[in-house]
Amino acid sequence: MTEIRTPRLVLRRWLDDDLVPLSEIHADPAVMQSIGDGRPRSLEQTAEDIEAWEEEWDEEGFGMFAVELLGSGEVVGAVGLSVADAPTEAAGQVMISWRLGRVFWGQGYASEAAQATLEFAVQDRHLDRVVAVCRTGDRASMNVLDKLGMQSEGTAQHPVHGYDVAMFGIDLTQYQE
Ligand SMILES: CC(C)(COP(=O)(O)OP(=O)(O)OC[C@H]1O[C@@H](n2cnc3c(N)ncnc32)[C@H](O)[C@@H]1OP(=O)(O)O)[C@@H](O)C(=O)NCCC(=O)NCCS
């Protein structure tokens with residue numbers, strides 16, 4: 001069972017009890033505006049997301065982590081790896097992404113979890129490269145990407161949802177913790 005501890009967080013696979021707290025995070029329009037179609041997701045859709053992430057863990061050996069606060073055990077959100085399906089330029093590549101509940105923003109949790117995810121990618125999964133795709137203008141994600149040392153790789157248009165996205169990549173063969 002994959003479980004990673006950082007100074008303040010636990011990154012782990014999904015449990016049944018995570019559905020309600022994650023669906024509360026997914027119900028917040030501010031959290032979801034830069035993800036997928038930009039709309040909040042229902043409890044049922046959140047259950048589908050968790051199921052898909054768990055399938056990816058089983059099939060690929062990586063996936064989105066449930067992120068909980070060390071100590072309280074509160075679910076902070078989801079950070080981790082997935083195989084990108086869009087935009088075309090990123091499709092098929094391993095992508096890092098994040099979403100945290102609004103009350104947890106601005107405390108460095110996304111950066112802490114993302115750093116641990118990259119370390120997992122290189123040390124545990126021996127991946128050579130990870131990409132990221134974020135909506136242009138998503139300043140918080142851009143700052144996290146910058147802190148991770150991810151390099152800009154241009155822009156594209158999301159083929160389904162139409163908005164502009166910025167693409168990033170990191171060569172993990174050169175990765176320095
Ligand atoms: C993106 C997100 C995960 C960042 O989480 P976080 O824990 O607040 O991020 P961190 O605290 O690790 O770092 C964010 C950095 O950006 C800064 N920042 C946060 N919000 C910002 C904003 N709206 N504008 C500019 N900078 C911002 C923070 O100050 C921090 O920089 P610092 O460490 O130099 O102070 C969180 O905002 C979120 O869940 N957003 C909604 C989901 C989302 O958009 N996901 C990305 C889809 S591609």
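Start with strand β3: Met-64, Ala-66 and Glu-68 point one way from it, Phe-65, Val-67 and Leu-69 point the other way, and all of them are buried. Buried here means under 20% relative accessible area, with exposed being over 50% and partly exposed in between (1.4 Å probe, protein chains only). Before going on, note that this is a predicted model, where local features need pLDDT of at least 70, side-chain atom pairs count only at pLDDT 80 or more, and totals for chains, interfaces and linings use all residues. Residues are numbered from 1 along each chain as its sequence is written, and side-chain values use heavy atoms, leaving out hydrogens and water.

Back to β3, which covers residues 64–69 and has six of its six residues buried. Strands are DSSP runs of E with at least two residues, helices are runs of H or I with at least four, and both are numbered from the N terminus. On one side, β3 is joined by four bridges to strand β2 (residues 9–12), and the two run antiparallel; pairing takes at least two DSSP bridges between two strands. In that pairing, Leu-9 stands opposite Leu-69. β3 also runs antiparallel to strand β4 (residues 75–83), this time with five bridges, and here Phe-65 sits opposite Val-79. β3 and β4 make a hairpin with five residues between them, and Gly-71 in the turn has a positive phi of about 100 degrees.

Phe-65 also leads us into the aromatics. The structure holds four aromatic pairs; to pair, rings of Phe, Tyr and Trp (its six-membered ring) need centres within 6.5 Å, and planes under 30 degrees apart count as stacked, over 60 as edge-to-face and the rest as tilted. Trp-57 and Phe-65 make an edge-to-face pair, 5.0 Å centre to centre with 65 degrees between the planes. Trp-57 also pairs with Phe-120, tilted this time, at 5.8 Å centre to centre and 55 degrees between the planes. Trp-57 belongs to helix α3 (residues 43–60) and Phe-120 to helix α4, so this pair ties together parts that are 63 residues apart in sequence. Put together, Trp-57, Phe-65 and Phe-120 form one aromatic cluster. Relative accessibility is 3% for Trp-57 and 0% for Phe-65, and Phe-120 is buried too.

How does its length check out? Leaving aside residues up to four places away in sequence, Thr-117 touches Leu-11, Phe-65, Val-79, Gly-80, Leu-81 and Ile-96, where contact means heavy atoms within 4.5 Å.

Most residues other than glycine have a negative phi, and most peptide bonds are trans. His-126, in the loop between α4 and β6 (129–135), has a positive phi near 55 degrees. Is His-126 buried or exposed? At 60% relative accessibility, His-126 counts as exposed. Elsewhere, a cis peptide bond joins Ala-86 and Pro-87, with omega about -5 degrees; Pro-87 is in the loop between β4 and β5 (94–100).
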